Each structure stands twice: as structure tokens, then as C-alpha cells.
Amino acid sequence: MIKVAINGYGTIGKRVADAVSAQKDMEIIGVSKTKPSAEALIAVQRGYPIYIADMGKKDAFAKAGIPVAGSVEDMLKKADIVVDGTPGGVGESNKALYEKAGVKAIWQGGEDHEVAGFSFNAHANYKDAIGRQFVRVVSCNTTGLCRVIKAMDDAFGVVKVRAVMVRRGADPHVVKKGPIDAVVLDPPTIPSHHGPDVNTVLPHIDIVTMAMIVPTTQMHMHAITIELKKEVSRDDVLAVMRSHNRIGLVQPKTAIKSTAELKEYVMDMGRPRSDLWENGIFEASVNMVGRELFFFQAIHQEADVVIENVDAIRAMMGIVTDPETSIRMTNEAMQFTAL
Ligand code: NAD
């Protein structure tokens, strides 16, 4: 069993913890919290040993009835690998801790590529992550872009990608972030950072991205144009999308045409936390004009990177060397069913 620690049990960390627990070949040996909270109480319910970043807060945890197993350093001693789920920028400051403990570490997309020197997407570069000590799983938007661009590139060849990202303002539980009533260009300059971030995984892709933030919490929406090298039909493209195990086609018969309806649908499917782990490509939007492919895809910011973290763990531990085997193991353990 691969022993996994989660440093930073928040939006991403708690989901990765549950996804790891669902796998047959890995287990959670501990999660870290900075202060007693609703999430810490759930971690107790789930049976995850809780370690704390600041031992000075031990009494506050005891007062809340949360048993403390030790410090983050204690947790790292027990782990083969740590998934850093701390807020963007904080993760980098933990690097010295991981180096000192001699533990493998995975950072999230809020950190720069340089923190690990390797950016990961299971379908794109799993094999290059085998045996590595440090890996960064790219952000939710970059993950969604990499999956579909890689699939189109493998099948038909990609000349160039132009994409507009309409980003959620905040995660649903976040009460202090906006916008409440504005469309914010983020950034007002072009390109946004997403294209260069895709290039950390797929360096040969010609991609330009633009991004804005809108007052919603549900998901991001991408409007994507990909110029393909081959003349292909809409059906050819749909066949590739349909056969991809991390792309879901939102079927026209559902009449879903928004992130809100898609989120509700996924919740009704019984997915934990109503998580959409795959890209939600709206089948009705998929269209070819000459060699240009157009479509909309919804990306559930809290979910798509979770399963990528699980595959990154397997690759770095070097136990499963075939990407498709790991991806299948991960998906099956999550009881992933098609949209
Ligand atoms: P979050 O704020 O929901 O959770 C972070 C957790 O880390 C909190 O529980 C916080 O208490 C804890 N923490 C803070 N400082 C710590 C420290 N020094 N040691 C241990 N724990 C500490 O953040 P998040 O949204 O889960 O983001 C985590 C990372 O994942 C970031 O890099 C972010 O960019 C990336 N990411 C987030 C999303 C998303 O939509 N939320 C999507 C993809 C990637």
C-alpha cells in the first residue's frame, strides 16, 4: 500500500483524501489542518488521523474534540508521498520541509511550474512522471484544456488552439471573494496564463487563451476553437471524445445548456459532492467549420484535478508504469460512470 499524506485538507485536499482512500493500492496515513473547522470534524468522521501545522494550536483542537496525532513533520515521517493542498503560494514554502523529510511531493496548480520542475497530466505525460520526487498537477482549467487538446492532437494533429475561459468567481463555500456583479477581465491583457501553462505539459502546442471571471461558483466554461491538421467530420471528433475516459459528452437529450443544470445532473447521478471529474463537453456545441473545431466545455474546478493527483501518485511511486492502467484503476475505484 502506498502511504499518502495530505498537507492542507481544504477544497482539493479533502477530495484527494477520499479519492486515495477509494483506491486499492493506496491509503491515507494522515491529513493536516491549521485550525479546528467543519472540515476537520469531517476528517475525524472519515477516520483520517489529523496532524497540525502549528503545535501551539493543540489545545484549540482538543477543545473542539478533535484528536491530534502530531505535527506535520510527524506526518511526513510516516508517508511515502505527500499531496500538498495548501493555498496557492503556500505550497512552495513547504518544499524545504519535504526535502528534509526525503518524501515525494505533489503540488497543485496554484504553484508555479518551477516548484516541482515538472507539470503533470495523466493522459499527456504520465510516463515522464515515473519515479520523480516532485510533481505539480496543473490547475483545473489547464487540466481540462490538456485532456482535450492531447486527444485531438493524437487523433488528427493540432495546428493551433484559441480558447476563452469564463471562470467562476469563487468556490461555493467561499464567502469573501467575488465578483458579485461584474464581468472581470482576468487578466485584461492577452494571453492569459492558461496557454503558457498548457505548454508546461504540451510544449509543442500553439495556443492563445483569454480569460474572464464571472459571478458564479458552479464551474468554469471554456469556448474553444482548435484548428486540426486533417479534414475530419463532426462524427469523427465526437467518436474520439466519446471513447476518451476523462471526457464526458453532455447529451442533447438532457436539454442541459448551463453549468447549473449540469451540476444538478451530476448530483442526481449520485456523484460524491456532485463532482464532475471529467471534462463536460456539450455535444450540441461540437461543430466543424473547414478544419476548425468549435465546442464549449464545462470544467468543475473542485473536481477534475482530483483524479489526476491519484495517477500522479502511482506514476511517482513507479508501481504502475502504464498510464491507461492507472487511469482505469482510478476511474473504476471512483465508480466513474458516463454522463
Ligand atoms: P483551500 O483554501 O480550500 O484549502 C487549503 C487548505 O490548506 C485549508 O484547509 C487551509 O487551512 C490549509 N492550510 C493553509 N496553510 C497551511 C499550511 N501552512 N500547512 C498546512 N495546511 C495549510 O484551497 P484549495 O482551493 O483546495 O487550493 C489548494 C491548491 O489547489 C491551490 O494551489 C489551488 O490553486 C489549487 N487548485 C484549486 C482549485 C479550486 O477550484 N479550489 C482547483 C484546482 C487547483
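Predicted model: local features only at pLDDT ≥ 70, side-chain atom pairs only at ≥ 80, totals over all residues.
An oxygen atom of the ligand lies 3.0 Å from an N or O atom in the side chain of R168, a polar contact in the sense of a pair of N or O atoms within 3.5 Å. Taken alone, the ligand exposes 830 Å², and the protein buries 79% of that; accessible areas come from the Shrake-Rupley method with a 1.4 Å probe. The side chain of T34 also takes part, with one of its N or O atoms 3.0 Å from a ligand oxygen.

Residues are numbered from 1 along each chain as its sequence is written, and side-chain values use heavy atoms, with hydrogens and water left out.

## The pocket and its shell

Where does the ligand sit? Its place is the largest pocket. Here a pocket is an open set of points on a 1 Å grid over the protein atoms alone, where a 1.4 Å probe fits, with protein on both sides within 12 Å along at least five of seven lines; sitting in it takes more than half of the molecule's atoms within 2 Å of its grid points. The elements giving two or more residues to the shell are α1 (11-21) and β2 (26-33), where helices (H or I, at least four residues) and strands (E, at least two) are DSSP runs numbered from the N terminus.

In total, 22 residues surround the ligand, and T11, I12, K33, D171 and Q301 are the closest; a residue counts if one of its heavy atoms lies within 4 Å. By type, the shell holds seven nonpolar, 12 polar and three charged residues, with Gly among the polar ones. Domain 1 (2-138 + 305-333) and domain 2 (140-299) both contribute to this shell, so the ligand lies between them; the bounds come from an automatic or database domain assignment.

## Backbone points to check

Most residues other than glycine have a negative phi, and most peptide bonds are trans. The bond from D186 to P187 is cis, with omega near 5°, and the bond from I190 to P191 is cis too, with omega near 10°. P187 is in the loop between β10 (184-185) and α9 (194-201), and P191 is also found between β10 and α9.

A255 has a positive phi, near 60°, and is not a glycine. This residue belongs to the loop between β13 (247-250) and α11 (259-268).

Definitions and conventions. Polar contact = N/O pair within 3.5 Å; in protein donor to acceptor, adjacent residues only side chain to side chain. 1 Å grid on protein atoms, 1.4 Å probe; cavity = no way out; pocket = protein on both sides within 12 Å on 5 of 7 lines; lining within 4 Å.
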